[in-house]
Amino acid sequence: MIVASNLTKQYGIKTAVDDLSFTIRPGIVTGFLGPNGAGKSTTMRMIMGLDAPTSGSVTVNGRRYSEHAAPLHEVGALLEAKAIHTGRSARNHLLALAATTGIGARRVDEVIELVGLREVARRRAGGFSLGMGQRLGIASALLGDPATVLLDEPVNGLDPEGILWIRNLLKGLAAEGRTVFVSSHLMSEMALTAEHLIVVGRGKLIADTSVADFTRSASRNLVRVRSPHADKLRGLLLGPDVTIESPEPGTLEVTGLDSEQIGTVAAENGVILFELAPQQASLEEAFMELTRDAVEYHASTTVAGSVA
Amino acid sequence: MTTTTDMAAVHGTAPVRKERVTQLRVINSEWIKMRTLKSTPITLLVAVVIMVGLGPLLTWGNAAHSSQGAPPFNGAELSLGLYHLAQLAIGVLGVLMVTGEYSTGMIRASLSAVPKRLPVLWAKAAVYGAVVLVLMTISALVAFYSGQAILSHYGRSVALSDPGVARVVFGTGLYLTVVGLLGVALGALIRNGAGAISSLVGVLLLLPVLSDLLPSSWSTHITPYLPSNAGSALLNVVPDPTLMSPWGGFALFVGYAVALLAIAGVLLKRRDA
């Protein structure tokens, strides 16, 4: 359980995290979503006590992280890949961290095995790829068998196989009743992994919602119809809760009716249909819509027509 | 690599016992960190070679080739004189013990494991201080005895039991230990390797040179109290009247290191990692 109340962090005049309040519950994967620069990493660093909040507070399992007597057993965190001395082997890195709380070599070898790094565990971590660094970071997060797991952009640098592995691992951890809080700037990834979402932009809370609700609210039920008798069809379909747009001649975009209803009306009236296609706005589009005003760094040029 | 994880493995074959972070455990952790980096044995070896390898060579050179009328030397001071050089290796490694963690990002992992933070600094100082003390005391003894073996051929050796000699021999290990602690403290204060090493060299080597530029009416009030001058008062067989008393000077030297460590501790607690 992670509880943030009015969490704020300012660096000079820049407000990285702005009055953020949320509760992360155990037993589910909670996604922490926002564009780059939205304050996700800063928030996670404050949860781990690495950065001090300018105001507000955040607790893990009832207390500030630094007040736990056995912190590695409370929270396991991957804050950035390669928070590791490049000259040390992966195994020695984990042994040193484990020693702080009396965890022995057997457990270290266990987590190395768990993340699939056995063959490279004795090599210098400086030579690790980003993906291997992520796996090592996850190994260190799991070292203390913690009740709460915090991962900042864990899929960065992982190959598809690794991404699938993380996804399953996170769901498994949550299913065991742990609190799992995972940040990402990819909505599509969160849609597959998370059950609940905290969405931030420019340090502010934009949404605190279940993925199911988010998906539902995001989907516009729009049906695209192509017909040589588009104008006739338009007249037949129009009704109180129906809106119809025509982006180009011969094409209608209908909201308020589903494809079965439209097809039935067309058949009854002898209207020929070339296309009858229900459209769903992708989650990615919905996410971009939601955070459009909050994106920190816009690309300076946009190719006309490419914006969804 | 697999895409699914046996969740039983997350718990481990034996339940992971929830044990507290203690200062002793953090010391153990720092000991593991220290001996698992290649730079540690290499740098320490450099310091040892300077003391026990170059030391006797210098002793022999002075004994065999001093020209007539050259100022007299003391056999103990001569055999240990290369502490001037060894202190650089010891101090730099002390700096790197801390700044290496900042430059690599390791510090975030260290402070996540020990969020109270201060135990990490104390453990680094304790581990490194102990290692330097043991290693440099042994090195000083070896350098002293091999130096005296050479000097005995020229009838100029001294004994450990001669007045002031034991203080100089064991003082060399003590002095270098404090240099190592200064390195750790400066590393933690400045958090940047190049900056901390320059500061260390400036404090130990340049300040005494600069103070010589001052008018003598000023420098007599400043020079003896500079860190390396205060500390090296311990390393003269016959106390130097222009410096502080041997143990008084060393106490001040320790005081500097303790003060810097304390400030480093306060900043470590306050600053974002």
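The part in question is the interface of chain B and chain A. How many residues of each chain are in contact there, and which elements of chain B supply the side that touches chain A?

Analyst: The account below concerns a predicted model. In it, 45 residues of chain B are in contact with 54 residues of chain A. Between them, the two chains bury about 4,200 Å², with 57% of that area on carbon and sulfur atoms.

The polar side of the interface can be described residue by residue in one case. The count of salt bridges between chain B and chain A is 1, and it is formed by the side chains of Asp272(B) and Lys9(A), at 2.6 Å from N to O. Across the same interface, 15 residue pairs are in polar contact.

On the side of chain B that touches chain A, helix 1 (7–11), helix 2, helix 5 (83–104) and helix 6 each supply at least two residues. Helix 6 of chain B gives the largest share, 7 residues. By class, this side of chain B has 16 nonpolar, 16 polar and 13 charged residues.

Two of these helices, helix 2 (23–35) and helix 6 (106–113) of chain B, also pack against the buried residues of helix 3 of chain A. From chain A itself, helix 2 (71–74), helix 4 (105–114) and helix 5 (130–142) pack against those buried residues. Among them are Arg91(A), His93(A) and Leu94(A). Because 9 of the 10 residues of helix 3 (residues 90–99) of chain A are buried, this helix is largely enclosed by the rest of the structure.

Terms used. Residues numbered from 1 in each chain as written. Chains lettered and ligands numbered in written order. Predicted model: local features only at pLDDT ≥ 70, side-chain atom pairs only at ≥ 80, totals over all residues. Heavy atoms only, no water. Buried < 20%, exposed > 50% of the residue type's maximum accessible area, 1.4 Å probe, protein only. Helix = DSSP H or I, 4+ residues; strand = E, 2+ residues; numbered from the N terminus. Contact = heavy atoms within 4.5 Å. Buried area = accessible area lost by both parts, 1.4 Å probe. Salt bridge = Lys/Arg side-chain N within 4 Å of Asp/Glu carboxyl O. Polar contact = N/O pair within 3.5 Å; in protein donor to acceptor, adjacent residues only side chain to side chain. Nonpolar A, V, L, I, M, F, W, Y, C, P; charged D, E, K, R; others polar.
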